[in-house]
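The structure is placed first, and my notes follow.

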Amino acid sequence: MLPRPLFIGHEIYRGSSYGRAHPLRVPRVSTVMDVSRAMGWLPQEAFVTSPRAKPAALHAFHTPEYVAALQAAEAAQEVSADVRARHHIGTVSNPVFPEVFRRPATAAGGSILAGELLARGGVVYNPAGGTHHGMPDRANGFCYLNDPVLAMLSLRHHGAQRIAYVDIDAHHCDGVEAAFAGDPDVLMISVHEENLWPKTGLLQDDAGGSALNLPVPRGLNDSEMAYIRDALVVPAVADFAPDAVVLQCGADAVTEDPLAHLDLSNTAHWAVVSALNGLAPRYLVLGGGGYNPWSVGRLWTGVWATLLGAEIPDHLPPEAEALLRALEFKGHRLGRNPPEHWFSTLRDAPRNGPIRQDITDRVAHLRQRWQAAGQRVQRA
Ligand SMILES: [Zn+2]
């Protein structure tokens, strides 16, 4: 059992960009590392430098041809039309950028290492992970490698058979679902914005009995998320009695995110992080989406504080505030006049509201399905 929660990070994320016009031009993990250090939350003994996964380790989920194409794309800084067509590298969403192999291979290496570190239990955070759209033979939705899948295979390899995967990114986890559909020892729960790319994860799609998919309408508020957490996510995970819980904690479901249309505060995410902690002996928390440099940095730093049980002050000390004040969001209107609380606080004000019937109806539908499935298992 790990004596303390571990944070997996790397300097490769600092200054790395998918390109000037891409949503992933903004700093994310480096902000979390810097602000956590400024807060005194990241002593050396809690920090693990992420290894870079070797191609052979990536072959656990990805095809050798695809991994080789990704390495070749990094070396040449361009791809052929054939590679673009087959592997979707060098597209607008999945561009060739200077670290196009090393960066995702480092995030994947961290997630694979997490499975090993958790062999005897504990809590690990890899905020660079959570690239849940990656497919075996192609890049997809800004994701070149699927580190959540690799993490789950690594957890399996190190003794955790039953795994609950919870995904609260605004987008549906199509790559993870493709990997584990029909696996009786995996429960995947995804809460995502309906009709948003990739438009998979419909309510009735159960991935061969392995998934509870909850598409939610635009404007999802904190009260609704708390209801979903308490009525669906926590009881389903507890019932499943997993050996490990993996949480994909994408930061794009908050109001400030430019790519989605949900209306959560970062406290909604932190409450999910807390509620899942302790439901299994192994707990791995990953990042994911998140495209506003302030909201993602504040949210993910708060995730780490939550895992540590550290108190988040109402007003940040000057060194941490200076880090947030120095961030830039070039080419986006949200970068022009950031509100003062994006610099001076980590915690958003709660965004409560009415719980819409669409949501209670869908949760009731999923509850019925998982309870019926549980009864079948008990009778068998
Ligand atoms: Zn997302």
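Which residues point one way from β5, and which the other way? I found that Val186, Met188, Ser190 and His192 point one way, while Leu187, Ile189, Val191 and Glu193 point the other way, and all are buried. I took a residue as buried if 20 or more other C-beta atoms lie within 10 Å of its own, as exposed if 12 or fewer do, and as partly exposed in between, with C-beta atoms placed from the backbone. In a regular strand the side chains alternate between the two faces of the sheet.

Basis of the entry. I note that this is a predicted model, in which local features need pLDDT of at least 70, side-chain atom pairs count only at pLDDT 80 or more, and totals for chains, interfaces and linings use all residues. Residues are numbered from 1 along each chain as its sequence is written.

Strands β5 and β4. I located β5 at residues 186-193; helices (H or I, at least four residues) and strands (E, at least two) are DSSP runs, numbered from the N terminus. Strand β4 covers residues 163-167, and 5 of its 5 residues are buried. From β4, Ile163, Tyr165 and Asp167 point one way and Ala164 and Val166 the other way.

Pairing. I counted two strands as paired if DSSP finds at least two bridges between them. β4 and β5 pair in the parallel sense over 5 bridges. Within β5, Ile189 is the bridge partner of Val166, and Ser190 is that of Asp167. β5 also pairs with β6 (residues 211-216), in the parallel sense over 6 bridges; there, Asn213 is the bridge partner of Ser190. β4 pairs in the parallel sense with β7 (residues 244-248) over 5 bridges, where Ala164 stands opposite Val245.

Core. I then turned to the largest nonpolar core, which has 114 residues; such a core is a set of buried Ala, Val, Leu, Ile, Met, Phe, Trp, Tyr and Cys residues joined through C-beta atoms within 7 Å. Among the members that touch the most others are Val166, Met188 and Val245. Helix α10 (residues 293-308) gives the largest share of this core, 8 residues. Not counting residues up to four places away in sequence, Val166 touches Ile189, Val233, Val237, Val245, Leu247 and Leu276.

Key. Contact = placed C-beta atoms within 7 Å.
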